[in-house]
Amino acid sequence: MLNMLLEQIRSEQSPPPLVHLAFKFLYVISKVRGHKIFMQLLPHEVSDVHPVLDLLSRQNPKDHQTWETRYMLLLWLSMTCLIPFDLSRLDGHLTSESGQAREPIMDRILAIAKSYLTVCDSSRDAASILVSKFLTRLDVKQKRLGDFLDWSLTIMSQTHDLTMEGTVMLDGALQSLAQLFKHGKRDDFLLYAPTVLQCLDKRRLAESNQTVLRKLGIKLVQRLGLTLLKPRLAKWRYQRGSRSLAANLSQPTKVTEQAQSKVENGDLEQATQEEDYDIPEEIENVIEQLLVGLKDKETIVRWSAAKGIGRVTGRLPVELADEVVASVLECFSFQETDNAWHGGCLALAELGRRGLLLPSRLPDVVPLILKALMYDEKRGACSVGTNVRDSACYVCWAFARAYDPVELKPFVTQIASALVITTVFDRNVNCRRAASAAFQENVGRQGTFPHGIDILTLADYYAVGNLSNCYQMISVYIASFPEYTKPMIDHLVAMKINHWDKSIRELATKALHSLTPQAPEYMQLLLLPVLPQLLTMATNMDLHGRHGAILACAEIIYALYKLGSPTDRPVTDFLSAGSVEELKCIHQKVSLGFGGELMRPSVCALIEKMSLSRMPFHKDPIIVGWQWLIDDSLKSLHLFSSGARQGIKESAVSALSALCQEYYQVKPDVADPDMQEQLVTQYIAGLRSPEVLTRCGCALALGSLPRFMIRSKLQQILEGLQEICRITQKDVTFAESRKDAATAIAQVYATAGVSTQGSPDSFLCLNNVTKVYGALLDCMNDYTTDSRGDVGSWVREAAMTSLMDVTFLVVASDPELLTPELCERMMCCLAQQAAEKIDRCRAHAGTIFLDLLHSKNPVVPHIPHLDGSQTNSPPRAFPHITQLLRLPRYQYHTLLGLTVSVGGLTASTVCFSSQSLFDYLKGIQQDRHMLEQFSATLLQIFRDHLSNDRVFIPLLKMLDQMLARGFHQGIRETSHMFCIDILALCKEGIKRSKDVEKLRSSIAVFCGLIQFQGEVRKKVLFQLLLLLCHPYPVIRKTTASQVYEMLLMYDDVIDPAVMDEVMTELSDTNWEGDLTMVRSHRNQLCDLLGVQRPTVVAKSPVQ
């Protein structure tokens, strides 16, 4: 591939665009493979120097379209300049034939390199590589190295980084210097290093706002430091005895002894060698700048500084290296920012990876790394520390590879617990995965982590990606190992229940509930000192702490109750009397106004859990306060933000159900009559509230009441819920309340149960089953729309779910209650919804339809057994839905739903629904009976929805498609009246209409009806000519345009003799002009077409 591209480049017949394209392909290959490897494949013979140099000289550095060409030529030149011959041999005679002096190749290459070091594209990077290769040649460095360094230092000292041009020039100079000090010989550059370092100090790049300049400054500083220090391998460094994983696991003791002996012997041997080795004074400055770089605000600068710390420290004596480590450890102070912690972690990982962090330092380092694994500081509405925790995991990963198992043995428990906690409980998925990788590396390399293989089997890279799964599943499994149980519980209590993220607090409290059975004694012991602390936190000023503390109290108490319930041990045995009293009155001490969006759900959750835990508060006045809090939360939903309302509503309803179940029974299954009357009356009255959210809360509250609370009140509750399900002019936009009422109806009767001959006031029975189904089926006709869109779809979805729940409830108890009429109406409504345009509703309806159809236990009676499929995906849904058109009982509702889809706006839905419908029509073209039945159903839908634009406009669009595809032929043969009825209904539907979309759709139908000959065609032409003088100019123009197209398509409509004149009249007339002028042209068309002129009806004077 490379040779083919170079052949095109070298060919003199190749045009410049082809050459540039070849270089673009070369650039792509170099980016994929890496320029260091790719450069070695480029030809670098003596014969290549002049052609490459000449081609590069002809390039325009300002041409932004061909920068890949210049980049690749510079890389190529950097390889050709490595030829092992003096470049002066290639100059030949420096005097040209015209007598002018030619520039030597050495000067030409250097001039090109300098010029491209100041460009603003990637050629600058290639130019720095060229400089490093070119100026390190023996012949070049003797003549040009000093001059180039002077040029570079001049740019550094005289250029400012406040402009883009200055930044680019500084970037080129710094890159070239860094590359030179990296690739050049130490003896050649040692003389210049102090001068360059001094100039760099004066430039104060650490204060620059340009990240790339700060990074290059750090790279250059570390290269200067390495030049100043002798290249040597520190004998004192720590060397692990064996890199074999099998050896680590099988012979840890032997390996460790070898490693320790090597370190000791190395230290003794090196001590004598370091006495006469002087460290240059400039090294202190270098290390100081690298330590400052560790605290930079950008990651790339910190990473470069960390690598520099590792490289420079490797050439220092052991005493100075230990001082560097001590300086790095100073980054881990809580006075430092998260940037310093991150840079410190990266530096420690580099030092450990290189064996420069001796085991004697591990007692100081490991506690800091454990703190870094938990580093999380709140800043405003979020937190910082993700990068710190991620880099701390990298340190643990590096230590696993660097140290012998015996060296890390004293810290295994702490590191394993910290990594497990980060793997399971960290908020950030990258940190969880990094901790999992570090844990895996330690398990493999160290072999000392307890239960490592078992944990890794469950907590792998993919499993820890789901946060909820980590808290509720993986954490429970890991906590079954006693080494990790207590650290995990302590971490949740100390760090997570007061976390700034609400979801983390909620998950942490659920995890505490799940972990309680793993260590019940420890939780009980922990609860004695911790519960008072949580109760204090629940009333302090920190809103997040209050929220988490209350939820934690609720979950722990309920978990302890479940532990004691098998032995009938009350939960109060686990708690002190003072704690019980504080828990009981906690709602009186917290503010429910400010921060109520968080506090109300948490207090309701506490009420629910204490009720479920059967706290001994019967007949206690505090119950009244709890009931007031629940009622107030349901009535005040409109005062909270939209995001918090659902949570408050759900928690209040759950608390109400548990509270009633525990404290409102005078004896088993017998309600306190006063509380029953009070609550039912109160919530039914709330159903008529002017606030829609109060209606929602009261409806769901009625649905959550236990059976003994609704007994003898069922009829009253049904009437209240049925009333708010009806759409009235006053509450037409209250879709949320109708949705919750439909849900509550199913909940109420699921609680009440079924009894065929029972009282309608206590059961779902023969006397009220029709009423219940009627209320839910009426909800299926809710097509309310507002600024939010089709909000009626919420009601329809809730009604479908409730119908399924009630149906399964009925057929499981007494299938005879479900009459064929009710079943047919329900299935027809579901079929209609399964054919409509909203994907979500269609999927929901199709799922319920199939669940009812294929239910085996119990079997739903009175429905035909049809094959079905998934109905959420349009390509898969509509072919199956259209099959229902073959069944007379489903045909009307299915065609009604298909009409809305075929005439809708969504392209995919229109495409697949229309294709399925027309495939069905194609299949029945020869069946006279089916065609008559289909046309009758279509006309019936037309008549029923003349004033319903939601159906009428899509129906016109569907008719237009049917007429355009020729499906009228079969219908025309079966019934000539079909076209007459369609025409009459279209005229009736658009009478006095001002809806432009409706009028445009009707014009298309009229143009399609022109195919019917005889009297129908005359009436259609008359109607179209009438629309040519419509008051709306846009309708006149649309009519003229479509009539023009119609006459081109159907050439038998008018006499060929007048065809040209009619077409000219239609195309040349300004139909958007004055109505008087337009009417004269229209009348002329009437005469040409032989149609009676429409007459203007004079308006009768107002009496």
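Visitor: At what angle do helix 51 and helix 53 pack, and how far apart are their axes?

Guide: In this predicted model, helix 51 (residues 996-1009) and helix 53 (residues 1033-1049) pack at an angle of about 20°, and their axes are 10 Å apart.

Visitor: Why is helix 51 called roughly parallel to helix 53?

Guide: Angles under 35 degrees count as roughly parallel, and the angle here is about 20°, so helix 51 is roughly parallel to helix 53. The crossing of the two helices is right-handed.

Visitor: Which residues of helix 51 meet helix 53?

Guide: Val996, Leu999, Arg1000, Ile1003, Ala1004 and Cys1007 in helix 51 do so, and their counterparts in helix 53 include Val1034, Ile1035, Gln1042 and Met1046.

Visitor: What makes alanine 402 buried?

Guide: Buried means under 20% relative accessible area, and alanine 402 has a value of 7%, so this residue is buried. Alanine 402 is placed in helix 20 (residues 386-402) and, leaving aside neighbours within four places in sequence, is in contact with Tyr238, Arg240 and Gly352.

Visitor: Which residues touch the most other members of the largest nonpolar core?

Guide: Of the 360 residues in that core, Phe134, Phe439, Leu721, Tyr773, Leu917, Leu1009 and Leu1047 do, while helix 29 (residues 543-564) supplies the largest share, 10 residues. Not counting residues up to four places away in sequence, leucine 1009 touches Leu963, Cys979, Ile982, Leu983, Val1016 and Val1020. Apart from this core lies another, of eight residues, including Leu637 and Phe734.

Note on methods:
Residues are numbered from 1 along each chain as its sequence is written. This is a predicted model: local features need pLDDT of at least 70, side-chain atom pairs count only at pLDDT 80 or more; totals for chains, interfaces and linings use all residues. Side-chain values use heavy atoms; hydrogens and water are left out. Axes are lines fitted to C-alpha atoms, for helices over the stretch in contact, and angles run from 0 to 180 degrees between N-to-C directions. Helices (H or I, at least four residues) and strands (E, at least two) are DSSP runs, numbered from the N terminus. Angles under 35 degrees count as roughly parallel, over 145 as roughly antiparallel, 65 to 115 as roughly perpendicular and the rest as oblique. A crossing is left-handed if the near helix is turned anticlockwise from the far one by less than a right angle, and right-handed if clockwise. Contact means heavy atoms within 4.5 Å. A nonpolar core is a set of buried Ala, Val, Leu, Ile, Met, Phe, Trp, Tyr and Cys residues joined through side-chain atoms within 4.5 Å. Buried means under 20% relative accessible area, exposed over 50%, partly exposed in between (1.4 Å probe, protein chains only).
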